[in-house]
Amino acid sequence: MENQQTCIPKASLACGYSTEALCMLTGLSAAHLRCWCRYGLIGHADRGGFWNEQQLAEIHHLLQLSASGATLPELLAARDGAAPLRTVGWPAHRGNLLWQLEYGSDCMLCRGLRQLTTIYRIGDLVDHLMMPLNRWLQHDTRRGASRRLSRFDACVRRHAEVTQRTTQRQGLTPLFLEAVSVRDETEIWLESLRLSGEGFCVETSSDPEIEHAVLPKKYAHHLLWCGAGITQARFRRFCASLAAGEPVMLCGPQRDIVN
């Protein structure tokens, strides 16, 4: 599946890269760029709003470093060559989120997640922090485990819904993410966040019992999330939609046919 907005205008290439083009190339959002600029990790765009090749290379280098979960001060020190990158990375962020789930208010928890999404690329955040934490919470049997899991799920859903409204205002490529089966209630919302970081406006249907034979409006992409397999009947309907030329595809960790 390709995002239809990844075609970079020739004018951007001639003058440098617009912020929109830079976001397409790096997977960052404009909020990421503002955060990194304020902290001094990267320079600002020129007066025309364009970014040059050197800045693009610096951002790619920082993305490699930030994929470890390094904090902003750690990234700044490593970028300046003051010291090799040393970080406890994602485990530290996981510990902080677990503390918030246990003791923090809903407002503090959501604010903490929002701050992380302005520092790290969404795909890295979901793959290295949120999904592993979700799996850990699903299997936690200690006292208060169900409450922590419920708070985590509510926070992720709320952030995904806010992100959907934001990307809709930005006019990003519309994508419909429909649950065929799920292992847990949170995983599809994490996938929604990950896809939004790839430049899509994601509308999510999280209930596997609701099948959208006819979508409410046209979408550039229609993804069927298979968290725990797909039935033979549903797979036949998927094949029929595919044969009819609809922009539909299977996704998820378990796409085998189940009884």
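Q: At what angle do the axes of helix α9 and helix α10 cross, and how is such a value to be read?
A: Axes are lines fitted to C-alpha atoms, for helices over the stretch in contact, and angles run from 0 to 180 degrees between N-to-C directions. Helices (H or I, at least four residues) and strands (E, at least two) are DSSP runs, numbered from the N terminus. In this predicted model, local features need pLDDT of at least 70 and side-chain atom pairs count only at pLDDT 80 or more, whereas totals for chains, interfaces and linings use all residues. Residues are numbered from 1 along each chain as its sequence is written, and side-chain values use heavy atoms, with hydrogens and water left out. Here the axes of α9 (residues 145–170) and α10 (residues 187–196) cross at roughly 35° and come within 9 Å.

Q: Is the crossing of α9 and α10 left-handed or right-handed?
A: A crossing is left-handed if the near helix is turned anticlockwise from the far one by less than a right angle, and right-handed if clockwise. The crossing of α9 and α10 is left-handed.

Q: Which residues of α9 and α10 meet?
A: Contact means heavy atoms within 4.5 Å. From α9, the residues V156, R157, H159, A160, E161 and T163 take part, and they meet W189, L190, S192, L193 and S196 of α10.

Q: Is N134 buried or exposed?
A: Buried means under 20% relative accessible area, exposed over 50%, and partly exposed in between (1.4 Å probe, protein chains only). N134, which lies in helix α8 (residues 122–139), has a relative accessible area of 3% and is therefore buried. Leaving aside neighbours within four places in sequence, N134 is in contact with L149, F152, D184, T186, E187 and L190.

Q: What does L98 contact, leaving aside its neighbours within four places in sequence?
A: L98 is in contact with L133, W136 and L137 on that basis. L98 belongs to helix α6 (residues 90–103) and counts as buried because its relative accessibility is 18%.

Q: How many salt bridges does the rule give?
A: Side chains of opposite charge can pair when their charged atoms come close. A salt bridge is a side-chain nitrogen of Lys or Arg within 4 Å of a carboxyl oxygen of Asp or Glu. By this rule the count is twelve.

Q: Where in the chain do E185 and R157 lie?
A: The side chains of E185 and R157 form a salt bridge, at 3.9 Å from N to O. This pair links distant parts of the chain, 28 residues apart: E185 is in the loop between β3 (173–181) and α10, and R157 is in helix α9. E185 counts as exposed because its relative accessibility is 55%, while R157, at 23%, counts as partly exposed.

Q: Why are R194 and E191 separated by about one helical turn?
A: The two residues are three apart in helix α10, which means a separation of about one helical turn. R194 and E191 form a salt bridge whose closest N and O atoms are 2.5 Å apart. E191 counts as buried, at 8% relative accessibility. Elsewhere, salt bridges that share partners join E102, D140, R142, R147 and R148 into one network. Within it, D140 and R142 meet at 3.2 Å, N to O, and D140 counts as buried at 12% relative accessibility.
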